[in-house]
Amino acid sequence: MTPITVLISVDSNSILLGAREFANYMKDLIKEFNLDPIVTVLETVSLGSYNGVVIHVLPDDVYYSVKSKEQVRKIVEEHLLKGRQVWDLMVNKELIRPAEKFEVKEVRIVTRNIGVIDPRNIEEYIARDGYFALSKALQMKPDEVIEEIKKSGLRGRGGAGFPTGLKWEFTAKAKADQKYIVCNADEGEPGTFKDRLIMEGDPHTVIEGMIIAGYAVGATKGYIYIRGEYYNSVENLRKAIQDAYEYGFLGENILGSGFSFDLTVRLGAGAYICGEETALLESIEGKSGRPRLKPPYPPQVGLFGKPTVINNVETIANVPQIILNGADWYKSIGTPNSPGTKVFCLVGDVNRRGMVELPMGVTVRQVLYGFGGGVRGGRELKMVQTGGLAGTFIGLDKLDTPLDYDSMKNHGVSLGSGVILAIDDSHCVVDIALNVMEFFRHESCGKCTPCREGTRIACEILERMTKFEGTAEDLDYLRKIAEVTADTSFCGLGQSINVPLLSLIDNFREEFLEHIEKTCRANVCKAVLKKPKVQTK
Amino acid sequence: MSKVKSLVELMKIKEQAIQNIKMRESGKRGKITVAMGTCGIAAGAKDTLKAIVEYLSELKIDDIAVVQSGCMGLCEVEPTIEVSLEGQEPIVYGHVTPENAKRIIQSHILEGKIVSDLMVKRGEV
């Protein structure tokens, strides 16, 4: 225990800025100056800004952003040794924690420990009420746990929004000798990074949630299926699982309750389709990631043919807090139909990109201008995509739509995985559409014809349009392709391509027509000149 | 090999670990600033600082921050510390040996009585 604690953000982004090097250098310096009795250096994850590596000195509550070793040295020599704050390296607290200033307050349920504790130290998690929910759940009956989750109204945070309690109940009621809990951490949706930050910053929350889920439905084995590229998440999760075994939260006879649970991490190989739950199950089983026919749904026939609960990382991370504080507390946050919070990932042309957890029902405008700090470089906002790449594109008229699970039904604005992508007027609508479709074409697994061919044809049409070779028939055909692909595709991948495409065509039809007239208002698309024929003698 | 077998044991770990986390909280009742200029260190400020940290944790006082600063300009009475409690005038003490530090914590922090024989200055330095 030391009076001064220094938190350094060592997450994937910061590591690229040199965070690990800076952290080690700082630790060496602290030893060199004999400061170790009074200063502890802790590595935590994202403190919220990526202009440099963020260093948070406590209890002074001062944030620094450093870019070089010399600056690290300066902070140690001046602030830690002599107690003088280094003004030129300091960053404005509002940039890191803008939540304090705005009308909608940040509510931290899922992210409550991120950037506060050392994720690799289980005792710090315990100090923040960690594993108390587990101990509480183990004293309840399994159906009481399910009832509590049902009452809380928690819904899947991966995008589909299926009621979590119901899913658990289906699995609990299915009869089988073995059941499984799977955590879907294959976060492949472009622009989404909330799961990574949760797993890097607070891996024990995910583990605790999974054990509770296992107890509730009678499963004794759990898998975390995680993207292979998420090196730090994998590392932190593996360490956390190891510690949890050591402390007796995993393994046999957990906390003397007689309940046993085992947990392992499985790595994905980077296919977008493996985020689809049945393809994910196939992948865990060791087969190639291809979706299965539904029904039967995983709660009845899932992993290795056994009843399986599959939940997103964020969903599971909500569970311990609901058990600990009760369903009524959870329902007091958010909207009646969509209780709780949502972790939003702000990306694109905004001043402050990053992650923020807000109550459900917050409007797009509040997220964008409140926490995002508005559009970058003084340009004009053109449109916003919500819910990930398979989400809707909306124009400026829909910025005041509240974001929750009903917003798709009521306003045609999807919540999805919580991505808010701001696009300014330097971008061309047709070019964006092409970009989106190229992604789907690339990620289509090829199992079913409509998706494999539909995405290809859509790409071809859009490519023609960006070269000013498209016709009015092309536009109608594009619409039809989107509709048919969505109607006839085998799984969620192909079924969702109409959402971004049709929302683009409907909301920005004018710009598509301009391309047929051979103009592009953003000056992104250009006519490609045909090569003059080379005359041969 | 499992370390935690019951809720009671879980509570025990929490109580130990929470001390560490509480240390980081800002917005405390007050703070003790130890002057750690060259003069202070030469006069034994490091031992003083260590004693303060240990004594505070021994008494389970977690609402007082301990920070260090450069020389306060009172080199003739080093080691010096400044105790500033919220809503009160800061008090600078001189010749703070580890024993004196305990006295200051006991009487000033806990009982609210200024240790007048060690006091050097009232108010901002």
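Me: Which residue of S8(A) is the bridge partner of A:Val182?

Reply: In this predicted model, A:Val182 has A:Ile310 as its bridge partner in S8(A).

Me: What makes strand S5 (residues 180-185) of chain A and S8(A) a pair?

Reply: The two strands are joined by 5 bridges and run parallel. Pairing requires at least two bridges between two strands, so S5(A) and S8(A) qualify with their 5 bridges. In general, strands of a sheet pair through backbone hydrogen bonds.

Me: Why are S7 and S8 of chain A called edge strands?

Reply: The sheet is open, and its 4 strands follow the order S7-S6-S5-S8 in chain A, with parallel pairing. S7 and S8 of chain A each pair on one side only, and they are the edge strands. From one strand to the next, the twist averages 20°.

Me: Which helix packs on this sheet, and which strands are touched?

Reply: Helix H10 (residues 203-217) of chain A packs there, touching S5, strand S6 (221-227), S7 and S8 of chain A. The direction of H10(A) makes about 150° with that of S5(A).

Me: How is A:Phe304 classed by the count of C-beta atoms, buried or exposed?

Reply: A:Phe304 has 12 other C-beta atoms within 10 Å. A residue with 12 or fewer is exposed, and therefore A:Phe304 is exposed. A:Phe304 also has a positive phi of about 50°, although it is not a glycine. Its place is in the loop between H12 and S8 of chain A.

Me: Which peptide bond joining A:Pro295 is cis, and where does A:Pro295 lie?

Reply: The cis bond joins A:Lys294 and A:Pro295, with omega about -10°. A:Pro295 lies in the loop between helix H12 (277-284) and strand S8 (308-312) of chain A. In chain B, the peptide bond from B:Glu78 to B:Pro79 is cis, with omega near -10°. B:Pro79 is found in the loop between S2 and strand S3 (81-85) of chain B.

Me: What makes helix H21 (residues 498-507) of chain A mostly covered?

Reply: Of the 10 residues of H21(A), 7 are buried. They are A:Asn498, A:Val499, A:Pro500, A:Leu501, A:Ser503, A:Leu504 and A:Ile505. The elements covering these buried residues include strand S12 (392-394), helix H17 (429-443), helix H18 (449-466), helix H19 (472-488) and helix H22 (509-516) of chain A.

Me: Which domains does the assignment give for chain A?

Reply: The assignment gives domain 1 (4-96), domain 2 (122-331), domain 3 (341-424) and domain 4 (429-516). Taken over C-alpha atoms, the centres of domain 1 and domain 4 of chain A are separated by 47 Å.

Me: How many residues of chain B are in contact with chain A?

Reply: There are 32 such residues of chain B, in contact with 29 residues of chain A. Helix H1 (7-22), helix H3 (45-58) and strand S2 (64-69) of chain B each supply at least two residues of this side. The largest share, 9 residues, comes from H1(B). By class, this side of chain B has 15 nonpolar, 10 polar and 7 charged residues.

Technical notes
Residues are numbered from 1 along each chain as its sequence is written. Chains are lettered from A and ligands numbered from 1 in the order in which they are written. This is a predicted model: local features need pLDDT of at least 70, side-chain atom pairs count only at pLDDT 80 or more; totals for chains, interfaces and linings use all residues. Two residues are in contact if their C-beta atoms, placed from the backbone, lie within 7 Å. Ala, Val, Leu, Ile, Met, Phe, Trp, Tyr, Cys and Pro count as nonpolar, Asp, Glu, Lys and Arg as charged, and the others, Gly among them, as polar. A residue is buried if 20 or more other C-beta atoms lie within 10 Å of its own, exposed if 12 or fewer, and partly exposed in between; C-beta atoms are placed from the backbone. Domain bounds come from an automatic or database domain assignment. Axes are lines fitted to C-alpha atoms, for helices over the stretch in contact, and angles run from 0 to 180 degrees between N-to-C directions.
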